[in-house]
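Here is a short report for a reader meeting this structure for the first time. Take a look at the chain, then read on.

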Amino acid sequence: MTKRSGTTGGVLGAATVAMGLIAGTFYVFACAVMPGLARSDDRVYVEVMRNINDVIQNPVFMLSFLGALLLTGVAAWQGRGEPHRRWVWAALAAYALAFLVTVTFNIPLNNALDTSTDPTAARTDFEDAWVAWNVVRAMLSTVAVGFLARALLVRGRSYASAASVSATGASVGG
């Protein structure tokens, strides 16, 4: 146990919550939003996706989208030398890939959708690729949540074990 432990648990917990929010967002798109939109005609599909792309760019979403990456990075740095560190680094790697998928594939597809004039061509160029990349980022961010949950569990066990040893040592020496 290190002296950094005072904020490590809080940051790790916040990273887990932020990651869970993002994984849930991508999951809902994969399981409900996109299948629901798939039932729409091309004009409605493009209009709704444009509206979603516009409204999702808000401080609350950005706080969790960027916060998951930042908080997990801070938790990884704080956890150096701790038993749970490997799980946090694995979560950081998984979410960094999901973040990269978003920036490299989903956002450019959103931008192309915004500038297209023919709804049928726009949907054809957008839908299958966007849905596939969303599934990838949903899986990666869900894996990251699992890794962070495991890190919390390992951290809790190591601190409980250290406290037990410390309490036993204090009573024996007292």
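How many helices and how many strands does the secondary structure of the chain come to? The count is five helices and zero strands. Helices (H or I, at least four residues) and strands (E, at least two) are DSSP runs, numbered from the N terminus. Along the sequence, the pattern reads α-α-α-α-α.

The model is predicted: local features need pLDDT of at least 70, side-chain atom pairs count only at pLDDT 80 or more, and totals for chains, interfaces and linings use all residues. Residues are numbered from 1 along each chain as its sequence is written, and side-chain values use heavy atoms, with hydrogens and water left out.

## The chain as a whole

The chain has 174 residues, and 34% of them count as buried. Buried means under 20% relative accessible area, exposed over 50%, and partly exposed in between (1.4 Å probe, protein chains only). The accessible surface comes to about 9,300 Å². Carbon and sulfur atoms hold 68% of that surface. These areas come from the Shrake-Rupley method with a 1.4 Å probe; for residues, only the protein chains shown count as cover.

A contact means heavy atoms within 4.5 Å. Take the contacts between residues at least 6 apart in sequence: 81% of them join residues at least 24 apart.

## Salt bridges

The structure holds three salt bridges. Each is a side-chain nitrogen of Lys or Arg within 4 Å of a carboxyl oxygen of Asp or Glu.

| Salt bridge | N to O distance |
|---|---|
| Asp-42 and Arg-123 | 3.2 Å |
| Arg-43 and Glu-47 | 3.1 Å |
| Arg-123 and Glu-127 | 2.9 Å |

Asp-42 pairs with Arg-123. This pair links distant parts of the chain: Asp-42 sits in helix H2 (residues 42-55) and Arg-123 in helix H5 (residues 119-173), 81 residues apart. Asp-42 is partly exposed, at 24% relative accessible area. Arg-123 is buried, at 9%.

Arg-123 also bridges to Glu-127. Both lie in helix H5, four residues apart, about one turn of the helix. Is Glu-127 buried or partly exposed? Glu-127 counts as buried, with 16% relative accessibility.

Glu-47 is partly exposed, with a relative accessibility of 41%.
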